[in-house]
Structure formats: structure tokens, C-alpha cells
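Visitor: Please take me through the labels used for this model. I would like to hear the rule behind each one.

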Amino acid sequence: MIYSSISSENPWISSLSITPKPPPKKQPPFQRNPILCFHRLNPAGPIQPKAQIRNPILPNPATQIIYRKSRRSSSHEERRGFRFPQLGRQQMLFLCGFGYWMQGFRCFPWLALNFHMAHNLQMDPSTLQLVQHSANLPMVAKPLYGVLSDALYISGAHRVPYISIGVLLQVLSWGPMALIPVAARAVPTLMACVLLSNLGASIMEVAQDALVAEYGQEKNMTGLQSYAFMAAAAGGILGNLIGGYFLMKTPPRTMFLVFAVLLSAQLAISLRIREESLGLPQLPDNSLIRKPIFESIRKQFSELQMGIQEESIARPLIWIVASIAMVPVLSGSIFCYQTQYLHLDPSIIGMSRVIGQLMLLSTAVLYDRYWKKVPMRKLVGVVQLVYAFSLLLDLVLVRRINVRLGIPNEVFVLCFSGLAETIAQFKILPFTVLFANLCPQGCEGSLTSFLASALCLSSIASGVLGVGLASLIGITAGNYSSLPFGIMAQFLAALLPLGWLYILPMSEGVVRQERKRGFSRRSQKNRRVGRVVYGSVFIYRRERESEGEE
């Protein structure tokens with residue numbers, strides 16, 4: 001029996017009409033119209049001129065009720081499943097937001113530590129600057145921490161446990177300096193605590209950067225880097241704002257204790273949040289857990305090497321590292337000049353850092369809203385030029401030009417002292433966003449940690465170069481007459497990176513298109529042309545001559 005139509009109440013077929021047709025005619029080759037065949041049709045039989053249905057499925061009210069119930073239950077499950085990604089997103093924003101806020105708030109104990117070393121321990125400017133930059137040596141090993149975070153899982157997770165480990169190491173470093181007086185007075189024990197603190201901070205930063213990059217790629221959220229940058233700037237604002245007040249009212253040990261308490265709160269938060277609740281891909285059963293650790297680490301190192309060798313990553317990395325390393329930093333000499341020669345109040349220096357962090361936060365917001373659309377080469381060139389001229393503001397202070405113009409030293413330091421440092425920090429933001437979007441899947445921690453390590457190593461090289469320059473021109477605690485020559489050397493060195501801006505990409509979109517071009521070609525070759533299943537109906541697409549010729 002041939003049915004003229006099938007009821008639309010059937011849950012598998014919305015509407016389908018079958019009418020008797022004349023015998024099929026010969027069709028031209030490469031016919032692209034789909035051919036309908038049914039599951040109940042005998043494939044071994046000859047092709048009939050009329051479409052027939054054997055044993056048709058009649059609409060049943062019971063099946064209709066079941067279908068409606070299944071739709072209701074599925075929609076209920078979808079609503080329930082929607083809450084978990086929302087909860088994971090809130091936990092992710094809180095975990096990384098507070099973590100980056102604490103990363104920016106590290107200026108609070110470091111401000112106390114700088115005053116402690118300059119006034120209580122009576123360190124020379126060169127010695128103070130050498131201690132400041134040598135304390136960053138644990139951060140040079142960030143690629144190792146990144147590879148371990150990518151390859152070595154702890155209880156099925158590889159981001160949040162490393163954040164907890166990094167925070168714990170910082171608690172064990174700042175706690176003794178606050179509670180044990182000898183730890184802050186003796187230089188060897190002080191250096192050991194500072195190195196342990198930076199080791200924990202580097203592990204925490206690597207895990208946070210990798211978590212932000214992985215979550216941003218998984219959820220297609222490109223603004224997480226700007227959010228993290230703004231959270232760190234907010235922490236720096238508050239740390240510098242209250243740091244000067246605390247220095248006037250309390251000893252440095254009290255500031256160490258306050259920071260250790262905040263670190264303990266961060267440790268409790270990281271231990272409470274489980275990585276699986278963030279909605280990230282979990283480790284499969286037959287994955288790295290069954291492989292030897294050294295084999296996994298070696299494989300991760302090889303993937304990192306392949307990622308760095310890509311031209312779209314290597315050329316911007318070379319430019320940003322060289323632009324930082326070749327400029328000799330005289331931060332220790334400028335700090336001692338402001339505190340020992342000009343006798344500025346600690347609150348003035350703290351407020352100057354606050355204004356600098358406010359400017360950094362404002363520039364991060366402007367970048368996220370407007371400047372992200374500006375071509376990268378043009379934006380970085382303008383920022384580098386402004387940074388070079390901002391270094392001359394220290395020359396205005398040393399030459400007392402501001403006093404001749406009627407601007408007191410306190411007002412000038414408050415408004416312009418932290419401008420160069422702010423611009424130097426903002427220059428890193430476009431590169432951070434670029435590398436976070438270009439890093440290969442599964443290599444987020446390794447690549448972001450390699451970037452952070454390269455930036456840290458270039459900063460150390462810049463500081464050592466500044467110490468050598470200060471010793472060469474004779475800058476001491478009582479003699480700052482040659483400081484203007486050092487500032488002019490800084491200015492000229494900062495102009496040199498403008499000569500090879502051509503190695504930077506014009507924009508981030510161009511780099512993405514070039515990277516995706518290979519994947520699109522590969523996907524075109526592997527495009528699936530076959531059958532698409534709708535319940536019991538199969539739709540075939542012809543890509544060769546029709547076989548229906550008689």
C-alpha cells in the first residue's frame with residue numbers, strides 16, 4: 001500500500017509527502033539533488049519507478065507523549081547544565097582576579113623592603129639595585145615551571161595546584177621576615193627569604209597566565225588578559241596608596257605580616273576551588289598519567305621548541321626582549337637620590353606610584369576598548385617613543401629645572417616620577433595578548449612562562465647594565481653629579497629599538513589569518529562528504545556520475 005502522506009505528528013519526520021511519479025528519466029552526470037532512501041527499504045531489490053514504504057511507522061500518541069517528556073527533560077538538563085558553566089566562570093574570574101590583584105599588591109611589602117634596605121641596612125645605590133634585580137633570578141626558570149605545569153598533573157589538575165604551591169612558598173618567606181627579627185636584619189637570610197618569595201611568585205604567575213590563556217581559548221574570551229592586567233594595576237594602586245602611610249606609622253615588619261595574612265587567604269581560596277569546576281578539559285584516562293614523567297616533560301619541551309620557532313611568535317619575542325635589555329635602568333640610583341639627597345617623604349614616593357598605577361589602569365582600559373584596533377606596529381612604536389622621552393623627566397628633576405619653573409620637588413615627583421615605569425609596563429600588554437592568542441593548544445603554560453622568563457631575564461640584564469653604568473660614571477651615595485649622563489645614555493638606548501620595528505606584525509588579525517590559512521586548507525581536504533543522519537532517513541550527496549542509467 002502506498003501512503004500519500006505521513007503525519008507531521010511523527011517525532012522523527014516533520015513533513016514528508018510521497019506521490020506516484022512517472023518512471024525516472026536519464027539525468028545528467030554529477031547530479032547534486034539529494035536522493036531519499038529509507039531504513040525499511042530493501043537495498044538488495046531493484047530500483048522501482050515508484051517510491052514505496054513497507055511496514056510504515058504509524059503515529060502513536062504514546063510515542064508522542066514520550067517525545068514531549070524527553071524534550072522537557074532535556075531542556076531541564078540544559079538549564080541545570082547552564083548553571084555550572086556560570087558558576088565555573090564566576091570562580092575563574094574570582095580566582096584569577098584576586099590572584100592578579102595580589103600580584104600587583106606585592107609592591108606593598110617591596111616598598112617596605114626597599115626602605116628597610118636603604119635606611120636600616122644602609123645599602124649603597126648600586127648594591128641596592130643589584131639586590132633588587134638578583135632577587136628575580138628564580139623567575140628566569142619560568143619555562144621549567146611552565147613545562148611542569150603542562151606535563152605533570154597533580155590529582156588530575158595542572159593549574160590550580162601550582163597556584164597553591166606558589167602561594168604557600170610566599171607565605172613561608174614573608175612570614176619569617178615578619179615574625180623573626182634576625183631574618184630581616186642579616187643580609188644572607190634576607191636574600192634567602194626574598195629568593196624563596198620570588199620562586200613562589202614565579203610559579204603562581206606561570207600557573208595563572210597559563211590558566212588565563214587556556215580558559216580564554218576554550219571559552220573564546222579574548223579580554224581575559226586585559227582583565228588580569230587591570231586587576232594587577234588595581235592591586236598596585238592600593239598597595240602603593242597605603243604603603244606610604246604604613247611606612248610613616250609602622251615598621252616594615254608590620255607590612256610583611258599584613259601581606260603574609262593576605263597570602264594565607266589566597267591559599268585558602270585556591271585550595272577550595274577545584275579545577276574541574278572551571279569547565280576546562282579534563283585529563284583522559286589513557287593520557288599522560290600512564291606515561292613516564294620524563295617522557296612527558298621531554299615531549300612538552302619539544303612542543304615548546306616548535307612553538308618558539310614559529311616566525312609569528314619568534315620575531316615579536318626578539319623585539320620586546322631586546323628593547324628592554326638594551327636600556328640601562330638606574331632605578332636604584334634614582335630612588336636613593338630622591339630619599340637620601342632630596343629627603344622626600346615616603347608618602348610622596350608611595351603616592352607617585354599610586355598615580356603611576358592609576359595611569360596604567362587607565363591605559364589598560366583604553367587598550368581594551370579602543371587601542372586594540374590600532375595596528376600593533378604603530379601602537380608599539382608610539383609607546384616606545386613616549387617611553388624614551390619620559391626618561392628625560394628624571395633629568396629635569398636632577399638638573400632642578402622644575403624648581404626654576406616654580407614646581408616643587410614633591411609635586412614633580414608626585415606627578416611624573418612613575419611615568420616611565422608605567423609606560424614600560426604597558427608596553428608588555430600588547431605582546432601578552434598576542435602570545436596568549438597564538439600559543440598552541442596544550443602548550444599554554446610553557447609558552448607564557450617562556451615569555452615571562454624572557455622578559456624577566458631582559459629586565460635583569462637591564463638592571464645589571466645599569467649597575468655597570470652607574471659604577472662606570474661614578475654614581476655613589478654622596479655623589480650624584482654624573483647622574484645626568486646616565487639618564488642621557490638611557491634616552492639614547494631607548495631610541496634604538498625603533499630602528500627594527502619592521503619585524504613586528506602589522507596587526508594581530510593578520511597573524512591569525514596566516515596561522516589559520518594552513519588549518520583551513522587542511523580542513524578542506526578532510527571535509528566530510530557523505531551521509532547525514534536524521535533518525536531513520538539518510539541523505540546521500542552524489543559526487544560522481546549517476547548509476548541510475550538503465
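**Labels and their cut-offs**

Guide: Start with helix H11 (residues 311-325), where Glu-311 and Arg-315 both lie, four residues apart, about one turn of the helix. Helices here are DSSP runs of H or I, at least four residues, and strands are E runs of at least two, numbered from the N terminus. The model is predicted: local features need pLDDT of at least 70, side-chain atom pairs count only at pLDDT 80 or more, and totals for chains, interfaces and linings use all residues. Residues are numbered from 1 along each chain as its sequence is written, and side-chain values use heavy atoms, with hydrogens and water left out.

Visitor: What makes Glu-311 and Arg-315 a salt bridge?

Guide: Their side chains come to 2.7 Å, N to O. The rule asks for a side-chain nitrogen of Lys or Arg within 4 Å of a carboxyl oxygen of Asp or Glu. The pair therefore qualifies.

Visitor: Is Glu-311 called buried or exposed, and why?

Guide: Exposed, because its relative accessibility is 52%. The cut-offs are under 20% relative accessible area for buried, over 50% for exposed, and partly exposed in between (1.4 Å probe, protein chains only). Arg-315 has 30%, so it is partly exposed.

Visitor: How many salt bridges does the structure hold?

Guide: Four. Among them is Lys-142 with Glu-205, whose closest N and O atoms are 2.6 Å apart. Lys-142 lies in helix H4 (residues 142-151) and Glu-205 in helix H7, so the bridge ties together parts 63 residues apart in sequence. Another joins Lys-372 and Asp-368 at 3.2 Å, N to O.

Visitor: Why does Lys-142 count as buried?

Guide: Because its relative accessibility is 4%. Glu-205 has 8%, so it counts as buried too. Lys-372, at 31%, is therefore partly exposed. So is Asp-368, at 29%.

Visitor: What joins the side chains of Glu-214 and Arg-159?

Guide: A polar contact of 3.0 Å. That term means N or O atoms within 3.5 Å; within protein, one must be able to donate a hydrogen and the other to accept it, and residues adjacent in sequence count only if both atoms are side-chain atoms. Glu-214 sits in helix H7. Its relative accessible area is 11%, so it is buried.

Visitor: Which residues have the most contacts inside the largest nonpolar core?

Guide: Leu-113, Trp-174, Leu-211 and Leu-483, in a core of 78 residues. Its largest share, eleven residues, comes from helix H7 (residues 187-219). A nonpolar core is a set of buried Ala, Val, Leu, Ile, Met, Phe, Trp, Tyr and Cys residues joined through side-chain atoms within 4.5 Å.

Visitor: Why is the pair Trp-174 and Phe-259 called edge-to-face?

Guide: Because their planes stand at 85°, with ring centres 5.8 Å apart. Rings of Phe, Tyr and Trp (its six-membered ring) pair if their centres lie within 6.5 Å; planes under 30 degrees apart are stacked, over 60 edge-to-face, the rest tilted. Trp-174 is in helix H5 (residues 160-179) and Phe-259 in helix H9 (residues 252-272), 85 residues apart. Both are buried.

Visitor: How many aromatic pairs are there?

Guide: The count is 18.

Visitor: What sits over the ring of Tyr-387?

Guide: The charged end of Lys-427, 5.4 Å from the ring centre. The rule wants NZ of Lys or CZ of Arg within 6 Å of the ring centre and within 35 degrees of the ring normal.
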